Amino acid sequence: ITAYNREDFVARCVQSILDDAGEGLEVRVLVMDNGSTDGTPRAAALGPSVEVHRTEDNRHIVEVLNRGLAMALADPDTDYVVAMNEDTMYPPGSLRELVAVADAHPESLVTPLQMNYRAPEEIDANMLGHVRQVPGLLAALEGKAELERVYDLPTIIGACVLARRAVWERVGNFDPLFWFYGIDDDLCTRARWLGCRLLLAPQARLYHAHGKLNEDPESPDRPARTRKWRYELQARYLFKLKNPARSLFGAYLDAKMLMFETIFGCLRNLWPAGALHAIAIYLGLALQLPQVAAARRRDFDPANRLKA
């Protein structure tokens, strides 16, 4: 569990895991505290099966995720690993259902149906976008058709990803080229290319809070919004550059087309500074091309693909 300044929720997340494990499912909870300045480390420490590993300063989330993943896989008793956010919690039975689905479909990454914590009967807005991409799934969730146990997804939201040990070892770490945005999409692209399925287990649920519980969400200031936009755009460029279906040169041309689309959108919305940002980020990627090429060789090695 990655955690940063969420003392208002992290205990709920950890406790829901401990409660759902019960007899016969032994869990080891690794809370990777990313330099919190509040009481998050103390709130998360709920017993001997919970370990809080603290980073003194706030770092890129991908670094913290990979450190936790390495610690989990270093334990020879680890059979499954689930990477999740600290602002989530399982209702009873959900964690066990994810494990059961992973056993039934060994070469897969599995995720639950994410629900809105503040309105528990509503599907989380981000999750709903994925649900609508799967033919018949929304109708089944609304009771208009039979609900299957699993559905294939094009990608998985990174708030909760469970897989068997062998799958994580095959797919590998989250790519450090992606600081925050895009790390889950990149992992899923790699997993799918290697022959793994991306499965939604709709009978397993996960409540996702998004934002603080003890205060009204505030709109970030203009510099924060601009920074977020820049990070998202850079991730979109990188995602195109790592596309295994294209040569690196062809992928760079695809990213160039995205740059032109972004520039046009910024100018149309009277935000010329955005157009300059789009150009600067794109040109800066040229310096990262050797790293991208190395990542493509590492992540899309044909030797690691599952045999048909």
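User: Is L270 buried or exposed, and what is its relative accessible area?
Analyst: The model is a predicted one, in which local features need pLDDT of at least 70 and side-chain atom pairs count only at pLDDT 80 or more, while totals for chains, interfaces and linings use all residues. Residues are numbered from 1 along each chain as its sequence is written, and side-chain values use heavy atoms, with hydrogens and water left out. L270 sits in the loop between α10 (248–268) and α11 (272–285), where helices (H or I, at least four residues) and strands (E, at least two) are DSSP runs numbered from the N terminus. Buried means under 20% relative accessible area, exposed over 50% and partly exposed in between, with a 1.4 Å probe and protein chains only, so L270 counts as exposed, with a relative accessible area of 74%.

User: Which value is phi of N5 near?
Analyst: N5 belongs to the loop between β1 (2–3) and α1, and its relative accessible area of 14% makes it buried. Its phi is positive although N5 is a residue other than glycine, with a value near 50°.

User: At roughly what angle do the axes of helix α1 and helix α4 cross?
Analyst: The axes are lines fitted to C-alpha atoms, for helices over the stretch in contact, and the angles run from 0 to 180 degrees between N-to-C directions. Under 35 degrees counts as roughly parallel, over 145 as roughly antiparallel, 65 to 115 as roughly perpendicular and the rest as oblique, and α1 and α4 are therefore roughly perpendicular to each other. The axes of α1 (residues 10–21) and α4 (residues 94–104) come within 8 Å, and they cross at roughly 65°.

User: Which residues of α1 and α4 make the contact?
Analyst: Ala, Val, Leu, Ile, Met, Phe, Trp, Tyr, Cys and Pro count as nonpolar, Asp, Glu, Lys and Arg as charged, and the others, Gly among them, as polar; in these terms the residues of the contact of α1 with α4 divide into three nonpolar, one polar and two charged. With contact meaning heavy atoms within 4.5 Å, those of α1 are I17, D20 and A21, and those of α4 are S94, L95 and R96.

User: How many residues apart in sequence are the parts that the pair of W179 and Y231 ties together?
Analyst: Rings of Phe, Tyr and Trp (its six-membered ring) pair if their centres lie within 6.5 Å, and planes under 30 degrees apart count as stacked, over 60 as edge-to-face and the rest as tilted. A search of the whole structure finds eight aromatic pairs, among them that of W179 and Y231, which is edge-to-face at 5.5 Å centre to centre with 80° between the planes. W179 is partly exposed, with a relative accessible area of 34%, and Y231 is partly exposed at 35%. Because W179 lies in the loop between α7 (165–171) and α8 (183–194) and Y231 in helix α9 (residues 222–241), the pair ties together parts whose separation in sequence is 52 residues.

User: How far apart are the centres of the rings of W193 and F300?
Analyst: Both W193 and F300 are buried. The planes of their rings stand at 80°, so the pair is edge-to-face, and the distance between the ring centres is 5.4 Å.

User: Which residue lies over the face of W193?
Analyst: A charge sits over a ring if NZ of Lys or CZ of Arg is within 6 Å of the ring centre and within 35 degrees of the ring normal. At 4.0 Å from the ring centre of W193, the residue that lies over its face is R305.
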